[in-house]
Amino acid sequence: MTADFTPHTFTVPTSIDAVSLFGPGDEFLRLVEDSFEADIHARGNAVTVTGAPSEAALVERLLDELVAIVRTGQSLSRETVERSISMLRTETEERPAEVLSLNILSSRGRTIRPKTLNQKKYVDAIDKHTVIFGIGPAGTGKTYLAMAKAVQALQAKEVSRIILTRPAVEAGERLGYLPGTLSEKIDPYLRPLYDALHDMLDPETIPKLLTSGTIEVAPLAYMRGRTLNDAFIILDEAQNTTAEQMKMFLTRLGFGSKMVVTGDVTQVDLPGGATSGLRVVRDILDDVRDIHFSTLTSNDVVRHKLVGRIVAAYDTYEAGGQGATAEAGGPDRERRRPR
């Protein structure tokens, strides 16, 4: 297949352990070989790449990037190699090593960092703008990364508090009619935000931060009439806000504050066919300075690989590819519109 092409030799720096770069049993090298039209052989610290000049050049660039990642102290994984390959294939100017080695927050023995190019752009936008919209399907890290940036800003004393909110749409925001204390009423709607906090902070400190008001977790209805100064404010599940609620929330912005609004416009749960504030806000604010819209896709899903495939399949279905989706599930599957 590639016998007519001149071999290229890539030498792994002596400071890098070849096993950490190649993977156990050369697993990562085999993955690279399967992803490019090239033959790859390793002997010691020398890697020989034989293939079309364009493919060989991409493989060499990839190996350079993987070496750079290893030099940061980060262990390579199959996922890291796959994401690096994907980024190089998109011909982006961003280096995979810069994307995958950007540490946002280190906590409890783990590091939170972007895992895709769009996630890196989203994180960069949070640094550069005052109001940021992160729009994309489930599993793309839009809320999780925003919360990591909020905790980072709090620890760096860039803000004095974090405010996390989401609409309690299933309760119609009429929380007074629900049984129990305020905490018991809102807990089911805000639990995902608490879960993320527990990933990023020492669990023992969270009650103290909540009691002192340094971190506030509350339903959207409790934002009305307030001005939020010196705060990092996150509105989650924003697709379930009405246009009026979205305007109300955005106009809470105070001095020294930053807002991140996250949501998935394909998962609107508003009753009575009400228009989602997230669906119309881009048309209204797209040209307003210091407001940025970041779009994430099924390619940015960082949960189980199957989640990305599920999201992509639903996207195809919604775009009119129902037949292909149903066929993939087998001939006996009933073709129904997903709810």
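Trainee: How many of the residues in this protein chain count as buried, and what sort of model is that figure drawn from?

Mentor: The model is a predicted one, and in it 47% of the 339 residues of the protein chain count as buried. The protein chain also exposes about 17,900 Å², of which carbon and sulfur atoms supply 49%.

Trainee: Where should I look for the largest nonpolar core, and which residues have the most contacts inside it?

Mentor: In soluble globular proteins, nonpolar side chains tend to be buried together. Here the largest nonpolar core has 34 residues, and Leu21 and Val47 are those with the most contacts inside it. At least two residues of this core come from each of several elements, including helix 1 (18-22), strand 3 (46-51) and helix 3 (53-71), with helix 3 giving the largest share, 10 residues. A second, separate core has 32 residues, among them Ile112, Ile126, Leu145 and Ala148.

Trainee: Which residues does valine 47 touch, if I leave out those up to four places away in sequence?

Mentor: With those neighbours set aside, valine 47 touches His8, Thr9, Phe10, Val12, Phe22, Ile40, His41, Ala42 and Leu63.

Trainee: Is isoleucine 163 buried or exposed, and why?

Mentor: Isoleucine 163 counts as buried because its relative accessibility is 0%, and buried means under 20%. Beyond residues up to four places away in sequence, isoleucine 163 touches several others, including Glu216, Met223, Arg226, Leu228 and Phe232.

Terms used. Residues numbered from 1 in each chain as written. Predicted model: local features only at pLDDT ≥ 70, side-chain atom pairs only at ≥ 80, totals over all residues. Heavy atoms only, no water. Buried < 20%, exposed > 50% of the residue type's maximum accessible area, 1.4 Å probe, protein only. Areas by Shrake-Rupley, 256 points an atom, 1.4 Å probe, with all protein chains shown as cover. Core = buried A, V, L, I, M, F, W, Y, C linked by side-chain atoms within 4.5 Å. Helix = DSSP H or I, 4+ residues; strand = E, 2+ residues; numbered from the N terminus. Contact = heavy atoms within 4.5 Å.
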